[in-house]
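Subject: A structure to look through

Dear colleague,

I am handing over the structure below, and I would be grateful if you opened it beside this message and followed the description as you read.

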Amino acid sequence: MQSRRSALWGRSGWGTLLSALVLTMGMLTVLNTMAEDSNVSAERVPKTLLVIVDGIPTDVIERVKTPGLDALTARGTFNHAYVGGQIGEVTESPTISAVGYMSLLTGTWSNKHNVRANYDLTPNYAYWDIFRVAKQQDTPLITGLFSTWTDNRTVLLGDGLVQAGGDKFDFVADGFDKDPAFKSDLDELERIKAIDAEVTRRAAETITQEGPDLSWVYLQHTDDVGHLSGDGPAMDRAVRWIDARVAELWSAVQARQAEHTAEDWLVLVTTDHGRSREDGKHHGGQSLRERTTWIATNARSVEFDPTTPPAIVDIFPSVVTHMNFKIPTYVSRQLEGRSLIHKEGSLDAK
Ligand SMILES: [Zn+2]
(Lines give C-alpha, C1' and ligand atoms only; values in the text may rest on other atoms or scores of the structure.)
Protein backbone atom coordinates (compact mmCIF):
# COMPACT_ATOMS: atom_id res chain seq x y z
CA MET A 1 0.00 0.00 0.00
CA GLN A 2 2.95 2.24 0.73
CA SER A 3 4.26 1.87 -2.81
CA ARG A 4 0.99 2.96 -4.42
CA ARG A 5 1.23 6.34 -2.74
CA SER A 6 4.95 6.91 -2.97
CA ALA A 7 4.68 6.35 -6.74
CA LEU A 8 2.92 9.70 -6.95
CA TRP A 9 5.22 11.58 -4.62
CA GLY A 10 8.66 13.09 -4.70
CA ARG A 11 9.14 13.60 -8.45
CA SER A 12 10.83 16.62 -10.04
CA GLY A 13 11.88 18.07 -13.42
CA TRP A 14 11.20 15.71 -16.39
CA GLY A 15 9.79 13.30 -13.86
CA THR A 16 7.12 15.86 -12.96
CA LEU A 17 6.24 16.42 -16.63
CA LEU A 18 6.03 12.71 -17.21
CA SER A 19 3.96 12.29 -14.05
CA ALA A 20 1.61 15.07 -15.17
CA LEU A 21 1.12 13.32 -18.52
CA VAL A 22 0.54 9.96 -16.89
CA LEU A 23 -1.83 11.57 -14.38
CA THR A 24 -3.79 13.34 -17.12
CA MET A 25 -4.17 10.07 -19.02
CA GLY A 26 -5.07 8.36 -15.78
CA MET A 27 -7.69 11.01 -14.99
CA LEU A 28 -9.26 10.57 -18.44
CA THR A 29 -9.51 6.86 -17.75
CA VAL A 30 -11.01 7.58 -14.31
CA LEU A 31 -13.52 10.02 -15.83
CA ASN A 32 -14.50 7.44 -18.46
CA THR A 33 -14.86 4.79 -15.78
CA MET A 34 -16.94 7.14 -13.62
CA ALA A 35 -19.17 8.00 -16.59
CA GLU A 36 -19.71 4.29 -17.22
CA ASP A 37 -20.31 3.77 -13.50
CA SER A 38 -22.88 6.56 -13.27
CA ASN A 39 -24.80 5.17 -16.26
CA VAL A 40 -24.92 1.80 -14.61
CA SER A 41 -25.56 3.09 -11.08
CA ALA A 42 -28.74 4.88 -12.20
CA GLU A 43 -30.39 1.47 -12.15
CA ARG A 44 -28.33 -0.15 -9.42
CA VAL A 45 -29.28 -0.44 -5.76
CA PRO A 46 -26.65 1.13 -3.48
CA LYS A 47 -25.57 -0.81 -0.38
CA THR A 48 -22.97 0.04 2.25
CA LEU A 49 -20.88 -1.97 4.71
CA LEU A 50 -18.93 -0.03 7.36
CA VAL A 51 -16.19 -1.88 9.25
CA ILE A 52 -14.22 -0.63 12.26
CA VAL A 53 -11.14 -2.63 13.23
CA ASP A 54 -10.15 -1.28 16.62
CA GLY A 55 -6.97 0.68 17.35
CA ILE A 56 -4.60 -0.12 14.46
CA PRO A 57 -2.03 2.66 13.93
CA THR A 58 -1.39 3.70 10.34
CA ASP A 59 2.32 2.81 10.43
CA VAL A 60 1.39 -0.71 11.55
CA ILE A 61 -1.30 -1.31 8.90
CA GLU A 62 1.18 -0.13 6.27
CA ARG A 63 4.08 -2.25 7.51
CA VAL A 64 2.24 -5.53 8.07
CA LYS A 65 1.15 -7.62 5.07
CA THR A 66 -2.61 -7.23 4.68
CA PRO A 67 -3.82 -9.20 1.64
CA GLY A 68 -7.46 -8.72 2.72
CA LEU A 69 -7.23 -4.93 2.63
CA ASP A 70 -5.12 -5.10 -0.53
CA ALA A 71 -7.88 -7.08 -2.26
CA LEU A 72 -10.49 -4.58 -1.09
CA THR A 73 -8.51 -1.59 -2.33
CA ALA A 74 -7.20 -3.24 -5.52
CA ARG A 75 -9.59 -1.13 -7.57
CA GLY A 76 -10.34 1.32 -4.77
CA THR A 77 -8.33 3.54 -2.45
CA PHE A 78 -6.35 3.55 0.79
CA ASN A 79 -5.61 6.84 2.45
CA HIS A 80 -4.39 8.35 5.69
CA ALA A 81 -7.11 10.01 7.74
CA TYR A 82 -7.49 11.50 11.19
CA VAL A 83 -9.62 11.43 14.34
CA GLY A 84 -9.67 13.77 17.36
CA GLY A 85 -11.20 16.91 15.83
CA GLN A 86 -9.20 20.15 15.70
CA ILE A 87 -6.59 20.50 18.44
CA GLY A 88 -7.32 23.41 20.79
CA GLU A 89 -10.79 24.02 19.36
CA VAL A 90 -14.24 22.99 20.55
CA THR A 91 -14.17 19.99 18.23
CA GLU A 92 -11.09 18.46 19.92
CA SER A 93 -12.14 14.92 20.81
CA PRO A 94 -10.35 12.23 22.83
CA THR A 95 -8.79 9.50 20.66
CA ILE A 96 -10.89 6.88 22.43
CA SER A 97 -12.91 4.05 20.92
CA ALA A 98 -16.57 4.98 21.57
CA VAL A 99 -15.76 8.62 20.76
CA GLY A 100 -14.42 7.50 17.37
CA TYR A 101 -17.38 5.23 16.60
CA MET A 102 -19.77 8.10 17.38
CA SER A 103 -17.86 10.50 15.14
CA LEU A 104 -18.15 7.98 12.32
CA LEU A 105 -21.83 7.24 13.00
CA THR A 106 -22.97 10.87 13.40
CA GLY A 107 -20.48 12.76 11.21
CA THR A 108 -19.79 15.08 14.16
CA TRP A 109 -17.10 15.53 16.81
CA SER A 110 -17.58 14.95 20.54
CA ASN A 111 -18.68 18.55 21.27
CA LYS A 112 -21.85 17.61 19.40
CA HIS A 113 -22.41 13.86 19.86
CA ASN A 114 -21.35 14.16 23.52
CA VAL A 115 -19.48 10.85 23.84
CA ARG A 116 -16.09 11.59 25.40
CA ALA A 117 -15.20 8.24 26.95
CA ASN A 118 -16.07 4.54 26.84
CA TYR A 119 -18.20 4.73 30.01
CA ASP A 120 -21.06 6.86 31.42
CA LEU A 121 -22.33 7.24 27.88
CA THR A 122 -24.85 10.01 27.30
CA PRO A 123 -25.01 10.48 23.52
CA ASN A 124 -26.84 13.53 22.22
CA TYR A 125 -29.38 11.98 19.86
CA ALA A 126 -30.17 15.40 18.36
CA TYR A 127 -27.22 14.58 16.09
CA TRP A 128 -28.69 11.88 13.89
CA ASP A 129 -26.70 8.74 13.26
CA ILE A 130 -26.46 7.32 9.75
CA PHE A 131 -28.81 4.42 10.56
CA ARG A 132 -31.53 6.86 11.62
CA VAL A 133 -31.06 8.61 8.28
CA ALA A 134 -31.42 5.22 6.54
CA LYS A 135 -34.70 4.54 8.35
CA GLN A 136 -36.09 8.00 7.48
CA GLN A 137 -35.89 7.51 3.72
CA ASP A 138 -39.15 7.29 1.73
CA THR A 139 -38.73 3.53 1.87
CA PRO A 140 -37.00 2.68 5.18
CA LEU A 141 -33.86 0.71 4.51
CA ILE A 142 -32.82 -2.65 5.95
CA THR A 143 -30.02 -2.28 8.52
CA GLY A 144 -27.57 -4.60 10.26
CA LEU A 145 -25.20 -4.40 13.22
CA PHE A 146 -22.54 -6.95 14.21
CA SER A 147 -20.50 -6.30 17.35
CA THR A 148 -18.98 -7.77 20.51
CA TRP A 149 -21.31 -6.06 22.97
CA THR A 150 -24.76 -4.46 22.92
CA ASP A 151 -23.86 -0.87 23.94
CA ASN A 152 -22.91 0.10 20.39
CA ARG A 153 -26.50 -0.59 19.37
CA THR A 154 -28.56 0.10 22.49
CA VAL A 155 -26.68 3.12 23.87
CA LEU A 156 -24.59 4.82 21.16
CA LEU A 157 -27.25 4.33 18.47
CA GLY A 158 -30.23 4.31 20.87
CA ASP A 159 -31.81 1.31 19.11
CA GLY A 160 -35.60 1.59 19.51
CA LEU A 161 -35.42 4.67 21.77
CA VAL A 162 -38.01 7.32 20.92
CA GLN A 163 -35.49 10.15 21.43
CA ALA A 164 -33.17 8.47 18.89
CA GLY A 165 -35.88 8.08 16.26
CA GLY A 166 -37.50 4.90 17.58
CA ASP A 167 -36.31 2.60 14.81
CA LYS A 168 -34.74 -0.78 15.39
CA PHE A 169 -32.04 -2.69 13.52
CA ASP A 170 -33.30 -5.45 11.25
CA PHE A 171 -30.33 -7.80 11.61
CA VAL A 172 -28.38 -7.92 14.85
CA ALA A 173 -25.55 -10.11 16.13
CA ASP A 174 -24.11 -8.66 19.36
CA GLY A 175 -23.98 -9.19 23.12
CA PHE A 176 -21.54 -12.09 22.77
CA ASP A 177 -19.52 -10.74 25.73
CA LYS A 178 -22.42 -11.91 27.96
CA ASP A 179 -23.11 -15.07 25.96
CA PRO A 180 -22.40 -18.26 28.03
CA ALA A 181 -21.18 -19.90 24.81
CA PHE A 182 -18.13 -17.62 25.02
CA LYS A 183 -17.51 -18.01 28.77
CA SER A 184 -15.20 -20.94 28.27
CA ASP A 185 -11.79 -21.53 29.80
CA LEU A 186 -10.28 -19.24 27.19
CA ASP A 187 -8.39 -16.23 28.50
CA GLU A 188 -9.94 -12.82 27.81
CA LEU A 189 -7.84 -12.19 24.72
CA GLU A 190 -8.76 -15.52 23.11
CA ARG A 191 -12.39 -15.14 24.18
CA ILE A 192 -12.77 -11.78 22.38
CA LYS A 193 -10.90 -13.19 19.38
CA ALA A 194 -13.42 -16.05 19.22
CA ILE A 195 -16.24 -13.48 19.49
CA ASP A 196 -14.76 -11.43 16.62
CA ALA A 197 -14.65 -14.62 14.52
CA GLU A 198 -18.32 -15.25 15.29
CA VAL A 199 -19.26 -11.58 14.61
CA THR A 200 -17.52 -11.84 11.23
CA ARG A 201 -19.14 -15.18 10.38
CA ARG A 202 -22.62 -13.85 11.22
CA ALA A 203 -22.05 -10.62 9.30
CA ALA A 204 -20.73 -12.46 6.23
CA GLU A 205 -23.68 -14.88 6.30
CA THR A 206 -26.21 -12.02 6.59
CA ILE A 207 -24.54 -10.02 3.81
CA THR A 208 -24.55 -12.97 1.43
CA GLN A 209 -28.07 -14.18 2.20
CA GLU A 210 -29.95 -10.98 3.06
CA GLY A 211 -27.90 -8.10 1.65
CA PRO A 212 -28.88 -5.44 4.22
CA ASP A 213 -28.76 -1.93 2.76
CA LEU A 214 -26.54 -0.48 5.51
CA SER A 215 -24.46 -2.44 8.05
CA TRP A 216 -21.79 -1.85 10.64
CA VAL A 217 -19.29 -4.52 11.69
CA TYR A 218 -17.14 -3.84 14.74
CA LEU A 219 -14.02 -5.97 15.50
CA GLN A 220 -12.10 -5.58 18.75
CA HIS A 221 -9.17 -8.03 18.91
CA THR A 222 -6.42 -5.67 17.72
CA ASP A 223 -7.10 -3.10 20.46
CA ASP A 224 -6.93 -5.77 23.17
CA VAL A 225 -3.54 -6.94 21.90
CA GLY A 226 -2.33 -3.34 21.63
CA HIS A 227 -3.20 -2.60 25.27
CA LEU A 228 -1.60 -5.83 26.48
CA SER A 229 1.55 -6.07 24.36
CA GLY A 230 1.97 -2.71 22.62
CA ASP A 231 3.94 -2.54 19.40
CA GLY A 232 5.63 -5.74 18.32
CA PRO A 233 5.13 -9.23 16.90
CA ALA A 234 1.90 -9.92 18.84
CA MET A 235 0.27 -6.77 17.47
CA ASP A 236 1.47 -7.60 13.95
CA ARG A 237 -0.06 -11.08 14.26
CA ALA A 238 -3.33 -9.58 15.51
CA VAL A 239 -3.42 -7.23 12.52
CA ARG A 240 -2.84 -10.13 10.11
CA TRP A 241 -5.59 -12.08 11.86
CA ILE A 242 -8.09 -9.21 11.65
CA ASP A 243 -7.12 -8.59 8.02
CA ALA A 244 -8.28 -12.15 7.34
CA ARG A 245 -11.67 -11.16 8.83
CA VAL A 246 -11.77 -8.21 6.43
CA ALA A 247 -11.05 -10.69 3.62
CA GLU A 248 -14.00 -12.82 4.77
CA LEU A 249 -16.32 -9.81 4.71
CA TRP A 250 -15.06 -8.65 1.32
CA SER A 251 -15.55 -12.17 -0.08
CA ALA A 252 -19.11 -12.16 1.25
CA VAL A 253 -19.80 -8.82 -0.46
CA GLN A 254 -18.31 -10.10 -3.72
CA ALA A 255 -20.39 -13.29 -3.53
CA ARG A 256 -23.49 -11.20 -2.90
CA GLN A 257 -22.65 -8.83 -5.74
CA ALA A 258 -22.09 -11.74 -8.14
CA GLU A 259 -25.56 -13.11 -7.37
CA HIS A 260 -27.28 -9.72 -7.28
CA THR A 261 -25.74 -7.77 -10.11
CA ALA A 262 -28.15 -4.85 -9.65
CA GLU A 263 -26.53 -4.07 -6.27
CA ASP A 264 -23.72 -1.55 -5.94
CA TRP A 265 -21.74 -2.21 -2.76
CA LEU A 266 -19.58 0.36 -0.99
CA VAL A 267 -17.27 -1.09 1.67
CA LEU A 268 -15.38 1.27 4.00
CA VAL A 269 -12.88 -0.12 6.51
CA THR A 270 -11.28 2.17 9.06
CA THR A 271 -9.92 2.31 12.60
CA ASP A 272 -11.18 4.39 15.52
CA HIS A 273 -7.80 5.78 16.70
CA GLY A 274 -4.05 5.25 16.54
CA ARG A 275 -1.83 4.44 19.53
CA SER A 276 0.80 6.11 21.71
CA ARG A 277 4.18 6.79 20.12
CA GLU A 278 6.32 5.34 22.95
CA ASP A 279 5.07 1.76 23.02
CA GLY A 280 1.67 1.58 21.33
CA LYS A 281 -0.05 0.46 24.53
CA HIS A 282 -2.21 3.52 25.07
CA HIS A 283 -4.39 6.05 23.27
CA GLY A 284 -6.69 8.93 24.11
CA GLY A 285 -4.36 11.90 23.62
CA GLN A 286 -3.67 14.21 20.70
CA SER A 287 -0.26 13.00 19.53
CA LEU A 288 0.15 12.56 15.79
CA ARG A 289 0.30 8.76 16.07
CA GLU A 290 -2.90 8.63 18.14
CA ARG A 291 -4.71 11.00 15.75
CA THR A 292 -3.56 9.45 12.49
CA THR A 293 -5.86 6.78 11.10
CA TRP A 294 -6.64 5.36 7.66
CA ILE A 295 -9.61 4.63 5.44
CA ALA A 296 -9.65 1.72 2.98
CA THR A 297 -12.44 1.35 0.45
CA ASN A 298 -13.42 -0.43 -2.74
CA ALA A 299 -14.88 2.86 -4.02
CA ARG A 300 -13.19 4.19 -7.12
CA SER A 301 -14.73 7.66 -7.24
CA VAL A 302 -13.02 8.87 -4.08
CA GLU A 303 -11.32 12.25 -4.01
CA PHE A 304 -8.66 12.81 -1.40
CA ASP A 305 -7.49 16.39 -1.11
CA PRO A 306 -3.74 16.19 -0.36
CA THR A 307 -3.87 19.48 1.55
CA THR A 308 -6.68 18.33 3.86
CA PRO A 309 -6.56 14.69 4.89
CA PRO A 310 -9.91 13.00 5.28
CA ALA A 311 -11.38 12.68 8.76
CA ILE A 312 -13.54 10.03 10.37
CA VAL A 313 -16.42 12.54 10.14
CA ASP A 314 -16.18 12.41 6.32
CA ILE A 315 -17.53 8.86 6.29
CA PHE A 316 -21.14 9.87 7.13
CA PRO A 317 -21.48 12.29 4.17
CA SER A 318 -19.71 9.76 1.93
CA VAL A 319 -22.34 7.16 2.78
CA VAL A 320 -25.06 9.78 2.15
CA THR A 321 -23.62 10.32 -1.34
CA HIS A 322 -23.27 6.65 -2.19
CA MET A 323 -26.73 5.74 -0.88
CA ASN A 324 -28.42 8.80 -2.46
CA PHE A 325 -29.89 9.56 0.96
CA LYS A 326 -32.17 12.51 1.44
CA ILE A 327 -31.33 14.25 4.71
CA PRO A 328 -33.18 17.04 6.52
CA THR A 329 -31.41 20.39 6.19
CA TYR A 330 -30.87 20.66 9.93
CA VAL A 331 -29.05 17.33 9.88
CA SER A 332 -26.82 18.28 6.94
CA ARG A 333 -25.99 21.60 8.65
CA GLN A 334 -24.74 19.77 11.74
CA LEU A 335 -22.25 17.66 9.80
CA GLU A 336 -18.53 18.42 10.23
CA GLY A 337 -17.19 16.53 7.22
CA ARG A 338 -17.51 16.41 3.46
CA SER A 339 -18.20 13.54 1.11
CA LEU A 340 -15.13 11.75 -0.20
CA ILE A 341 -17.25 10.11 -2.89
CA HIS A 342 -18.49 11.95 -5.92
CA LYS A 343 -21.37 10.47 -7.79
CA GLU A 344 -23.40 12.19 -10.45
CA GLY A 345 -26.92 13.10 -9.49
CA SER A 346 -26.39 12.48 -5.80
CA LEU A 347 -26.96 14.82 -2.89
CA ASP A 348 -24.01 16.74 -1.62
CA ALA A 349 -24.24 16.58 2.13
CA LYS A 350 -22.35 19.79 2.73
ZN1 LIG B 1 -10.58 1.66 20.02
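Before anything else, a word on burial: a residue is called buried if 20 or more other C-beta atoms lie within 10 Å of its own, exposed if 12 or fewer do, and partly exposed in between, with the C-beta atoms placed from the backbone. Please keep in mind that this is a predicted model, in which local features need pLDDT of at least 70 and side-chain atom pairs count only at pLDDT 80 or more, while totals for chains, interfaces and linings use all residues. Residues are numbered from 1 along each chain as its sequence is written.

The chain as a whole

The secondary structure of the protein chain comes to 14 helices and seven strands, where helices (H or I, at least four residues) and strands (E, at least two) are DSSP runs numbered from the N terminus. Of the 350 residues in the protein chain, 45% are buried. Two residues are in contact if their C-beta atoms, placed from the backbone, lie within 7 Å, and among the contacts with a separation of 6 or more, 69% are between residues 24 or more positions apart.

The sheet

The seven strands form an open sheet with mixed pairing, in the order β2-β7-β6-β1-β5-β3-β4; two strands are said to pair if DSSP finds at least two bridges between them. The edge strands, each of which pairs on one side only, are β2 (77-82) and β4 (171-173). Neighbouring strands of this sheet are turned against each other by 15° on average, direction ignored.

Strand β1 (residues 45-53) is mostly covered, since eight of its nine residues are buried. β1 runs parallel to strand β6 (residues 263-270), to which eight bridges join it, and V51 stands opposite V269 in β6. β1 also runs parallel to strand β5 (residues 214-219), here with six bridges, and L49 stands opposite S215 in β5.

Nine of the nine residues of α13 are buried, namely I315, F316, P317, S318, V319, V320, T321, H322 and M323. What covers them includes β1, α5 (97-106), α7, β5 and β6. The residue that follows α13 is N324, whose phi is positive, near 55°.

The 27 residues of helix α11 (residues 233-259) should span 39 Å at 1.5 Å a residue, which agrees with the 39 Å between its end C-alpha atoms; the expected span is 1.5 Å times one less than the number of residues. Among the buried residues of α11 are M235, V239, I242, L249 and W250.

α9 and α11 pack at an angle of about 10°, with their axes 8 Å apart. That makes α9 roughly parallel to α11, because angles under 35 degrees count as roughly parallel, over 145 as roughly antiparallel, 65 to 115 as roughly perpendicular and the rest as oblique. In this contact, D196, T200, A203, A204, I207 and T208 of α9 meet R245, E248, L249, A252, V253, A255 and R256 of α11. The residues of the contact divide into seven nonpolar, two polar and four charged, where Ala, Val, Leu, Ile, Met, Phe, Trp, Tyr, Cys and Pro count as nonpolar, Asp, Glu, Lys and Arg as charged, and the others, Gly among them, as polar.

Two single residues

I192 is found in helix α9 (residues 188-210) and counts as buried because it has 23 C-beta neighbours inside 10 Å. Leaving aside neighbours within four places in sequence, I192 is in contact with T148, Q220, H221 and D224. The C-alpha atoms of I192 and D224 are separated by 8.4 Å, although the two residues are 32 residues apart along the chain.

Y125, by contrast, is found in the loop between α6 (110-113) and α7 (130-135) and is partly exposed, with 19 other C-beta atoms within 10 Å. Leaving aside neighbours within four places in sequence, Y125 is in contact with G158, Q163 and A164.

With best wishes

Note on methods. Axes fitted to C-alpha atoms, helices over the stretch in contact; angles between N-to-C directions.
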